[in-house]
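Q: Hi! Could you walk me through this structure when you have a minute?

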Amino acid sequence: MKPKIKTVTTIKTAKKRIGAEADKLDVYVQFLNDELLWEPEPGKSALKSLTQEQREMYQKYSFAFAQASMGRPDSMILTAIEKHFEVKEGMARIILKDAYEVFGDGGITNKRGKTKAAVMYLEMLSNLARSEKDYKTAKECWVEAKKLEGLYDLETAGFAPDDFKVPPMIVFTGDNNVLIKQQREDDE
C-alpha cells in the first residue's frame, strides 16, 4: 500500500511542518490569497480573519505600496507615511520595507509601465507621421519605439551574430540519388 501524500496549501501549514517560525507578514499574504477574511463574518466561521491591529497595519502597507506604484521615490513615501499615520521615521521605514515584501517593489512595475506607455506613444506618432506621408519621422519614431522594447539588443532578442557565419553545406551533383538522400535528411 502506497503512503498518502498530503499537499500543503498554506504558508502557515508549511512553516509549521518544517519547524520554521511564523513570519509576521504571512497573514497579509494569506489575506491576499483569500485564505483569511478582512473581518469576522457570522456565516463563514471556518475562515479566520485579520485582527484590528493587522487591519490597521495592512492599510499602512497598502498606502505605502500605492505611493510606490505612482512612481514616488522612497524619501517622499517615507515623509507621506510619517504625516499620514503620525509615526516616526524609523517606523515609516519598517512599514515601507514590509510593504515591499508583501506586495513587491512598485518601482520596478512602474518602470515597465512607463516603458510600455512610451513605446505605445512612439508607435502612435509613427502611425500619424506615416498617415501624413512624413516617412522619415515615421521611421525614426518606429525605430526608437523598438529600441525601447529591446528589439535591437542582440542579447535579449536571442540573436548571436556568430550563428549566421556558418557556411551552408551545398553539394552540386547531377546524381538524383544524392538529391533524394539529402531531402530525406532535411525532412528528418
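A: Happy to; what follows is a chat about a predicted model.

Q: Great. Which residues have the most contacts inside the largest nonpolar core?
A: Those are Tyr28, Tyr61, Ala64, Ile77, Ile81, Ile95 and Leu96, in a core of 21 residues.

Q: And which elements give two or more residues to this core?
A: They are α2 (26-32), α3 (52-69), α4 (74-85) and α5 (89-103). The most comes from α3, which gives 6 residues.

Q: What does Ile77 touch, not counting residues up to four places away in sequence?
A: Ile77 touches Ala64, Gln67, Ala68, Arg72, Leu96 and Tyr100.

Q: Okay, helix packing now. At what angle do α3 and α5 pack?
A: The angle is about 80°, and their axes are 8 Å apart. Angles of 65 to 115 degrees count as roughly perpendicular, so α3 is roughly perpendicular to α5.

Q: Which residues make that contact?
A: From α3, the contact includes Met57, Tyr58, Tyr61 and Phe65. On the α5 side, Met91, Ile95, Leu96 and Phe103 are among the residues involved.

Q: Switching to α7: how many residues does it have, and what is its reach from first C-alpha to last?
A: Helix α7 covers residues 135-149, so it has 15 residues, and it reaches 21 Å, close to the 21 Å expected at 1.5 Å a residue.

Q: Which of its residues are buried?
A: Ala138, Cys141, Ala145 and Lys146 are buried in α7. These residues are on the same side of α7, because they cover an arc of only 130° around the axis.

Q: What about the other side of α7?
A: There, Lys136, Lys139 and Lys147 are exposed. Just after α7 comes Gly150, with a positive phi of about 90°.

Q: Where is Glu123, and is it buried or exposed?
A: Glu123 is in helix α6 (residues 106-131). Glu123 counts as buried because its relative accessibility is 18%, and buried means under 20%.

Q: What is Glu123 in contact with, leaving aside its neighbours within four places in sequence?
A: Its contacts are Trp142, Ala145, Lys146 and Glu149. Of these, Ala145 and Lys146 are among the buried residues of α7.

Methods
Residues numbered from 1 in each chain as written. Predicted model: local features only at pLDDT ≥ 70, side-chain atom pairs only at ≥ 80, totals over all residues. Heavy atoms only, no water. Helix = DSSP H or I, 4+ residues; strand = E, 2+ residues; numbered from the N terminus. Buried < 20%, exposed > 50% of the residue type's maximum accessible area, 1.4 Å probe, protein only. Arc of directions from axis to C-beta. Core = buried A, V, L, I, M, F, W, Y, C linked by side-chain atoms within 4.5 Å. Contact = heavy atoms within 4.5 Å. Axes fitted to C-alpha atoms, helices over the stretch in contact; angles between N-to-C directions. Parallel < 35°, antiparallel > 145°, perpendicular 65-115°, else oblique.
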